[in-house]
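Thanks for sending this one over.

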Amino acid sequence: MNEKKGLIHLYIGSGKGKTTAAVGLCVRMRGIGRQVLFAQFLKGQPSAEVEPLRRLGVQVERTDPVKKFIKSMNEEEYSECCRSCRALFERAERALQSGEYGLVALDEVLDAVGHGIIGEEELLQALESRSPTTEAVLTGRNPGQKLCELADYISDMQAVKHPYQKGITARAGIEY
């Protein structure tokens, strides 16, 4: 009976591993034959997890290519980023409610909320109105108190030590 109830996972914090943990859950859910949507917000550059997930039958949807951090965007780039995030959120919301998916992963959605692109209340509403058999995983930083109260799992990844501190930038196959 418990395996039929979809729960809410938050993978949060300043450390590495939030997306990787979400990808692992996607693989597991596909491994039992359930449908999975992996919706990736604010990440448009090539990333090594995308094609293997697709080969496993995971539906991967991403925002239009985001080439800069939001703080570096001009007004036109920011407007396009917001439009793309909103459209992806609407597709993910429909997937959450449809009952067709065993898991809907909303990668970096918490950052889209933090930047005011997606409202926290509308995210809460989407989670509360999801199909009772759909698991949801959200990644990013700084979730609000209401979201933490709604969550069933919260895993906080903290950066204790990271190669970036030594000037080593992101590496293919490791960070992306």
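1. N142 counts as exposed, at 72% relative accessibility; here exposed means over 50% relative accessible area, buried means under 20%, and partly exposed is in between (1.4 Å probe, protein chains only). N142 sits in the loop between β5 and α6 (145–150), where helices (H or I, at least four residues) and strands (E, at least two) are DSSP runs numbered from the N terminus. Its phi is positive, near 55 degrees, in a residue other than glycine. As background, most residues other than glycine have a negative phi.

2. A word on provenance: this is a predicted model, in which local features need pLDDT of at least 70 and side-chain atom pairs count only at pLDDT 80 or more, while totals for chains, interfaces and linings use all residues. Residues are numbered from 1 along each chain as its sequence is written, and side-chain values use heavy atoms, with hydrogens and water left out.

3. E108 is another residue other than glycine with a positive phi, near 65 degrees. The loop between β4 and α4 (109–114) holds E108. Buried or exposed, what is E108? E108 is buried, with a relative accessible area of 14%.

4. Do look at helix α1 (residues 18–31). Its 14 residues should span 20 Å at 1.5 Å a residue, and the end C-alpha atoms are 20 Å apart, which agrees; the expected span is 1.5 Å times one less than the number of residues. After the helix comes G33, with a positive phi near 85 degrees.

5. Which residues of α1 are buried? They are K18, T19, A22, V23, L25, C26 and M29. Viewed down the axis of α1, the buried residues fall within an arc of 160 degrees, so they line one face of the helix; the arc is that of the directions from the helix axis to the C-beta atoms. T20, R28 and G31, on the other side of α1, are exposed.

6. The cover over the buried residues of α1 includes β1 (8–12), β2 (36–40), α2 (50–55), β4 (103–107) and β5 (135–140), with contact meaning heavy atoms within 4.5 Å. The helix α1 lies across β1, β2, β4 and β5 and runs at about 160 degrees to β2. Axes here are lines fitted to C-alpha atoms, for helices over the stretch in contact, and angles run from 0 to 180 degrees between N-to-C directions.

7. Now the sheet: six strands form an open, parallel sheet in the order β3-β2-β4-β5-β1-β6, two strands being paired if DSSP finds at least two bridges between them. The edge strands, β3 (59–62) and β6 (153–156), each pair on one side only. From one strand to the next, the twist averages 10 degrees. Between the parallel strands β2 and β3 there are four bridges, and the bridge partner of A39 in β3 is E61.

8. Lastly, S131 lies in the loop between α5 (120–128) and β5. At 10% relative accessibility, S131 counts as buried. Leaving out residues up to four places away in sequence, S131 touches L96, Q97 and G99.
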